Amino acid sequence: MAFDIDMIKKVYTNMAERVDKAREVVGKPLTLSEKILYSHLWDGSPEKAFVRGKDYVDFAPDRIACQDATAQMALLQFMQAGKDKVAVPTTVHCDHLIQAKQGAAADLKRANETSSEVFDFLASVSNKYGIGFWKPGAGIIHQVVLENYAFPGGMMIGTDSHTVNAGGLGMVAIGVGGADAVDVMAGMAWELKFPKLIGVKLTGKLSGWTAPKDVILKVAEILTVKGGTGAIVEYFGPGATSMSCTGKGTICNMGAEIGATTSTFGYDESMERYLRATDREDVADEANKVKAHLTADPEVYANPEQYFDQVIEINLSELLPHLNGPFTPDLATEVGTMTEKAKANDWPMKVEWGLIGSCTNSSYEDLSRASSIAQQALDKKLKTKAEFGINPGSEQVRYTTERDGILEIFEKLDATIFTNACGPCIGQWARYEDPKNAPKNSIVHSFNRNFAKRADGNPNTHAFVASPEMTAAIAIAGRLDFNPLTDKLINEDGEEVMLDEPTGWELPPKGFEVKENGYVEPLADGSGVEVIVSPTSERLELLTPFKPIGDEIKGAKLLIKAHGKCTTDHISMAGPWLRFRGHLDNISNNCLIGAVNAFNMKTNLVKSQITGDYAGVPDTQREYKAKGIKTIVVGDHNYGEGSSREHAAMEPRHLGVAAVIVKSFARIHETNLKKQGMLGLTFANEADYDLIQEDDTFNFLDLNEFAPDKQLTIEVVHADGNKDTIKVNHTYNEAQIAWYKAGSALNLIAAENA
């Protein structure tokens with residue numbers, strides 16, 4: 001029996017009428033993405049056609065999912081909204097605060113001890129406001145959502161950028177900041193610029209060593225880390241229908257790495273199989289009644305160039321396995337061409353760790369295919385040359401793979417089975433005592449991101465992204481350039497052996513099984529639940545509403561001009577900082593410490609225009625704040641790429657930064673800045689980035705005329721007295737300008753509910 005089946009039935013009941021009306025107002029056949037978007041309009045039935053990439057539209061998502069690191073701030077904000085209960089089905093999943101170190105049992109025990117205050121807070125808030133709670137160890141949010149909550153044709157948002165994983169079950173699932181989630185929890189509309197549409201036609205069929213992971217690694221190479229920005233990627237074609245549901249989930253998951261709003265697939269037999277295997281026959285039955293509306297109209301896939309803004313075609317029969325990296329997920333290398341490339345770039349050829357898991361590749365199918373390679377190593381008398389780590393995606397996956405002997409195969413190769421949690425994928429990995437001085441090395445993993453320092457805190461770790469089966473093969477070989485299609489290995493008897501192609505099961509032959517899935521149902525009436533936050537806590541802090549920045553910014557100082565890639569990991573690091581995700585002032589001590597200062601090419605070292613001395617970014621900014629001086633952050637392209645973490649917007653806001661001016665933004669981060677009442681601006685002339693000097697002062701000349709589609713003018717005063725006047729663009733609409741004037745979007749919500 002599915003969760004929230006009545007809600008799902010209601011979605012399907014409304015869908016036929018709304019899709020038909022949307023087709024009428026648009027005046028042409030519809031993609032799947034358009035069907036879902038138009039059937040989830042806040043105002044109900046469509047009345048007009050929206051312009052892709054231009055019109056802001058209010059939507060009514062069906063559900064929300066939050067992970068423990070982001071849920072803290074989201075729920076702290078929701079507590080200010082004045083509501084008794086969440087307006088839509090919402091869940092919290094404790095998966096980020098469990099550090100991988102010794103193994104599942106010891107690591108989970110330690111997490112429950114060190115983060116008990118946070119887990120207790122999340123459990124009590126969930127109980128009070130009608131939120132489903134998944135305990136530590138229950139699984140990784142996106143795998144748990146796929147197993148329990150995702151449904152074809154639905155719309156969900158989540159406070160994690162990889163919420164998009166649910167596209168594997170035909171949803172439009174979008175990562176957002178906590179403030180966006182609070183809007184929907186409070187019963188308000190959720191705003192999104194109507195996305196552009198990218199179609200990816202998949203022909204042929206995967207075979208041999210090539211896996212669904214290789215599809216998205218190839219797409220990342222084609223589109224780069226910002227090529228999907230502002231767009232939904234919709235996959236279709238015979239290659240799409242030939243893949244498993246969890247394979248589709250892997251592809252959608254890493255759509256976050258190309259900046260896509262989300263990715264999705266049309267409903268097909270693999271999704272129906274997965275729904276039935278995960279005890280959701282009722283959802284499958286309901287979906288089958290409206291299956292024509294759960295995929296694009298036939299004309300769309302027959303002539304995709306007429307209906308998508310961009311079309312890519314990939315022949316799966318010709319696709320080879322890939323390794324992407326290091327330091328960026330779009331740097332692709334086909335297996336078999338690594339030797340020359342690695343030598344030319346001085347990448348360490350020896351691989352020290354192979355890691356399988358994360359929300360991207362931790363399904364039963366993923367572990368079964370990787371275990372087929374591990375079993376070959378045992379049978380052919382091979383030992384792993386690299387260390388091996390496994391993170392099952394959920395307790396259901398872990399229990400079932402243990403029952404079926406899959407985990408035992410890994411354990412016989414001395415693999416460490418970590419908790420059903422994110423672990424190394426998000427930097428929760430105690431690999432080093434002191435990662436700052438750790439050596440240069442290579443690791444291979446089946447995760448989604450490989451930014452510098454992300455997995456283990458070591459800036460010298462070269463992380464490469466691959467499929468689970470390729471990760472297993474390379475861990476056995478111990479070399480980055482190992483090609484299992486052609487290369488032989490020497491076993492313990494001195495014999496040359498080759499690894500055979502991986503095999504596995506799409507779904508467990510004996511069905512899924514679990515004894516205790518870790519779910520806690522909230523009280524029907526939580527009004528009597530008391531949520532306690534100690535005023536002396538270093539982990540949690542009740543929020544104080546932000547004051548409006550105002551329509552006069554004069555004499556603002558440059559805090560930092562960031563050089564090159566500046567992701568949310570650079571702006572607000574994870575790893576050891578995760579423990580402060582519920583305490584805004586404490587976590588603000590990591591604000592922009594990973595950003596590279598363009599004037600000295602160092603991190604966390606900027607010049608104070610008060611003293612002339614160099615110091616850390618947070619310390620310098622706190623000094624400006626103490627003296628009432630507003631500041632500006634300047635950045636490059638795709639600023640804020642990466643996780644949905646709104647801390648990357650809240651921290652500079654809390655410390656007194658007034659505006660962020662960049663060449664271009666990642667979608668979620670731009671929205672997060674707006675929600676927190678800040679100015680997120682882009683250079684009208686990108687070359688003006690080069691005009692900004694270390695001692696600059698900024699005067700906004702016409703902020704009192706802040707209006708949609710109207711450029712702002714800034715006077716940049718240099719230390720020598722010379723001035724440059726520059727124009728900046730913005731994407732604020734009337735409602736978002738109201739957020740700015742109120743001090744934040746939450747301030748408006750609280751005022752309306754006062």
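**Salt bridges and buried parts**

Guide: The structure holds 43 salt bridges. Keep in mind that this is a predicted model.

Visitor: What makes Glu 257 and Arg 449 a salt bridge?

Guide: Their side chains meet at 2.5 Å, N to O. The cut-off is 4 Å, from a side-chain nitrogen of Lys or Arg to a carboxyl oxygen of Asp or Glu. The pair of Glu 257 and Arg 449 therefore qualifies.

Visitor: Why is this pair said to tie parts together?

Guide: Glu 257 lies in the loop between helix H10 and strand E10, and Arg 449 in the loop between strand E17 and strand E18, so the pair ties together parts that are 192 residues apart in sequence.

Visitor: How do you know whether Glu 257 is buried or exposed?

Guide: Its relative accessible area is 3%. Buried means under 20%. So Glu 257 is buried. Arg 449, at 2%, counts as buried as well.

Visitor: What makes Lys 412 and Glu 408 a salt bridge?

Guide: The closest N and O atoms of Lys 412 and Glu 408 are 3.9 Å apart. The limit is 4 Å, so the pair counts. Lys 412 and Glu 408 are 4 residues apart in helix H17, so about one helical turn separates them.

Visitor: Why is Lys 412 called exposed, and Glu 408 partly exposed?

Guide: Exposed means over 50%, and partly exposed lies between that and the buried cut-off of 20%. Lys 412 has 53% relative accessibility, so it counts as exposed. Glu 408 has 44%, so it is partly exposed.

Visitor: What makes Asp 456 and Arg 431 a salt bridge?

Guide: The N to O distance between their side chains is 2.7 Å.

Visitor: Which residues are linked in a network of salt bridges?

Guide: Arg 403, Asp 404, Lys 510, Glu 513 and Lys 515 are linked in this way.

Visitor: Why is helix H16 called largely enclosed?

Guide: Count its buried residues. They are 7 of the 9 in H16, so the helix is largely enclosed by the rest of the structure. Among them are Val 397, Arg 398 and Tyr 399. The buried residues of H16 pack against helices H6, H15 and H17. After H16 comes Gly 405, with a positive phi near 80°.

Visitor: How do you know that strand E29 is mostly covered?

Guide: Of its 6 residues, 6 are buried. Side chains in a regular strand alternate between the two faces of the sheet. In E29, Leu 712, Ile 714 and Val 716 are buried on one side, and Thr 713, Glu 715 and Val 717 on the other. Both faces of E29 are covered.

Visitor: What makes E28 and E29 a pair?

Guide: Pairing needs at least two bridges. E28 and E29 have 4, in the antiparallel sense, so they pair. Phe 700 has Ile 714 in E29 as its bridge partner.

Visitor: How many bridges join E29 to E30?

Guide: There are 6, and the two strands run antiparallel. Glu 715 stands opposite Thr 725 in E30. E29 and E30 form a hairpin with 5 residues between them. In the turn, Gly 721 has a positive phi of about 95°.

Terms used. Residues are numbered from 1 along each chain as its sequence is written. This is a predicted model: local features need pLDDT of at least 70, side-chain atom pairs count only at pLDDT 80 or more; totals for chains, interfaces and linings use all residues. Side-chain values use heavy atoms; hydrogens and water are left out. Buried means under 20% relative accessible area, exposed over 50%, partly exposed in between (1.4 Å probe, protein chains only). Contact means heavy atoms within 4.5 Å.
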